[in-house]
Amino acid sequence: MFAQDEERKQTFDEAERTHHALVGVYTELGYELVPLPLAPVEERLRFVLAEAGLA
């Protein structure tokens, strides 16, 4: 869910374009991007630990 606040100055469209540009650059540089699930913090933590082979 996107929410604009004091720290997030971009509109949704700007944020989406920034995301796609960054994904393109990192991919071109050979990085493997793993999307983080939109879930509560505990679930995201379990996901990250599992992806890192630490769970």
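**Notebook: charges, fold and surface**

I began with the charges and counted 5 positive and 11 negative side chains in the protein, the centres of the two sets lying 5 Å apart. For this count I took Lys and Arg as positive and Asp and Glu as negative, leaving out His and the chain ends, and I placed each charge at NZ of Lys, CZ of Arg, CG of Asp or CD of Glu.

I note that this is a predicted model, in which local features need pLDDT of at least 70 and side-chain atom pairs count only at pLDDT 80 or more, while totals for chains, interfaces and linings use all residues. Residues are numbered from 1 along each chain as its sequence is written, and side-chain values use heavy atoms, with hydrogens and water left out.

**Salt bridges**

Side chains of opposite charge can pair when their charged atoms come close. I looked for salt bridges, meaning a side-chain nitrogen of Lys or Arg within 4 Å of a carboxyl oxygen of Asp or Glu, and the count came to two. In one, Arg-8 meets Asp-5 at 2.5 Å, N to O; in the other, Glu-6 meets Lys-9 at 3.9 Å, N to O.

I then checked how covered these residues are, with buried set at under 20% relative accessible area, exposed at over 50% and partly exposed in between (1.4 Å probe, protein chains only). Arg-8 is partly exposed at 46%, as is Asp-5 at 36%, whereas Glu-6 and Lys-9 are both exposed.

**Fold and dimensions**

I found two helices and zero strands, both being DSSP runs numbered from the N terminus (helices H or I, at least four residues; strands E, at least two). The C-alpha atoms fill a box of roughly 35 × 30 × 15 Å along the principal axes.

In helix 2 I looked up Arg-44, which is partly exposed at 29% relative accessible area and has its C-alpha 24 Å from that of Gly-24, 20 residues away along the chain. Leu-49 also lies in helix 2 and is partly exposed at 31%; its C-alpha is 29 Å from that of Arg-17, at a sequence separation of 32 residues.

**Surface**

Of the 55 residues, 2% count as buried. The protein exposes about 5,200 Å², with carbon and sulfur atoms supplying 59% of it; accessible areas come from the Shrake-Rupley method with a 1.4 Å probe, and for residues only the protein chains shown count as cover.

Which residues form a nonpolar patch on the surface? I found Leu-22, Val-25, Tyr-26, Leu-29, Tyr-31 and Leu-33, with about 610 Å² of accessible area together. Patches are made of residues with over 30% relative accessible area and no salt bridge, like charges being joined within 9 Å and nonpolar side chains (Val, Leu, Ile, Met, Phe, Trp, Tyr) within 5 Å. Tyr-31 sits in the loop between helix 1 (12–28) and helix 2 (41–51).
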